[in-house]
Amino acid sequence: MYHVAVDPSWRRRGIATALVSRAQSELAKANIRRVHALMLSGNRGAMQFWTAGGRRLREDVSLVSCELGATTLN
Ligand SMILES: CC(C)(COP(=O)(O)OP(=O)(O)OC[C@H]1O[C@@H](n2cnc3c(N)ncnc32)[C@H](O)[C@@H]1OP(=O)(O)O)[C@@H](O)C(=O)NCCC(=O)NCCS
């Protein structure tokens with residue numbers, strides 16, 4: 001999952017929860033034991049979503065990025 005998004009008119013109905021839950025259970029079947037989500041720090045909705053349901057915010061990890069091409073990604 002690179003960017004989970006739900007149409008604004010359909011939010012807060014559990015759609016992203018269902019999508020992530022299904023993806024996580026399929027990954028678990030493949031013996032993948034831990035997954036991570038990246039979000040922009042100012043994205044409060046994403047932060048609220050990803051920290052809901054027992055997931056924990058990691059404050060002991062820093063992210064370093066390196067631009068390798070002409071395109072700049074957020
Ligand atoms: C983040 C996003 C995918 C959540 O989708 P969703 O289908 O609305 O999420 P859910 O209904 O499954 O929400 C589950 C829980 O997460 C939390 N949550 C989700 N969105 C929230 C928000 N905007 N503010 C506060 N809490 C939120 C709530 O605890 C919610 O449970 P509740 O509705 O019973 O209170 C959606 O808001 C979105 O598309 N945002 C724009 C794109 C984006 O920023 N994606 C994340 C990129 S990392």
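This is a predicted model: local features need pLDDT of at least 70, side-chain atom pairs count only at pLDDT 80 or more; totals for chains, interfaces and linings use all residues.
The overall form can be described first. The protein has two helices and zero strands. Its C-alpha atoms fill a box of roughly 35 × 35 × 25 Å, taken along the principal axes. The radius of gyration is 14 Å, whereas a compact globule of 74 residues would have a value near 11 Å. This radius is taken over C-alpha atoms, and the globule rule is 2.2 Å times the number of residues to the power 0.38. Buried residues make up 1% of the 74 residues. A residue is called buried if 20 or more other C-beta atoms lie within 10 Å of its own, exposed if 12 or fewer do, and partly exposed in between, with C-beta atoms placed from the backbone.

Next comes the ligand. There are 18 residues around the ligand, and R11, A16, T17, G45 and Q48 come nearest. A residue is near a molecule or strand if its C-beta atom, placed from the backbone, lies within 6 Å of it. Helix 2 gives the most to this shell, with four residues. By type, the shell divides into nine nonpolar, six polar and three charged residues. In this count Ala, Val, Leu, Ile, Met, Phe, Trp, Tyr, Cys and Pro are nonpolar, Asp, Glu, Lys and Arg are charged, and the others, Gly among them, are polar.

The chain can now be followed towards and through helix 1. R12 is found in the segment before helix 1. Phi of R12 is near 60 degrees, a positive value in a residue other than glycine. R12 counts as exposed because it has 10 C-beta neighbours inside 10 Å. Helix 1 itself has 15 residues and reaches 21 Å from its first C-alpha to its last, close to the 21 Å expected at 1.5 Å a residue. The expected span is 1.5 Å times one less than the number of residues. R22 is in helix 1, and R22 is exposed because 10 other C-beta atoms lie within 10 Å. R22 and R33 are 11 residues apart along the chain, and their C-alpha atoms are separated by 15 Å.

After helix 1 comes N31, whose phi is positive, near 65 degrees. N31 is placed in the loop between helix 1 and helix 2. N31 is exposed, since it has 6 other C-beta atoms within 10 Å.

The C-alpha atoms of F49 and E26, 23 residues apart along the chain, are separated by 20 Å.

The segment after helix 2 holds G69. G69 is exposed, because 6 other C-beta atoms lie within 10 Å. G69 and H3 are 66 residues apart in sequence and 21 Å apart in space, C-alpha to C-alpha.

Technical notes: Residues are numbered from 1 along each chain as its sequence is written.
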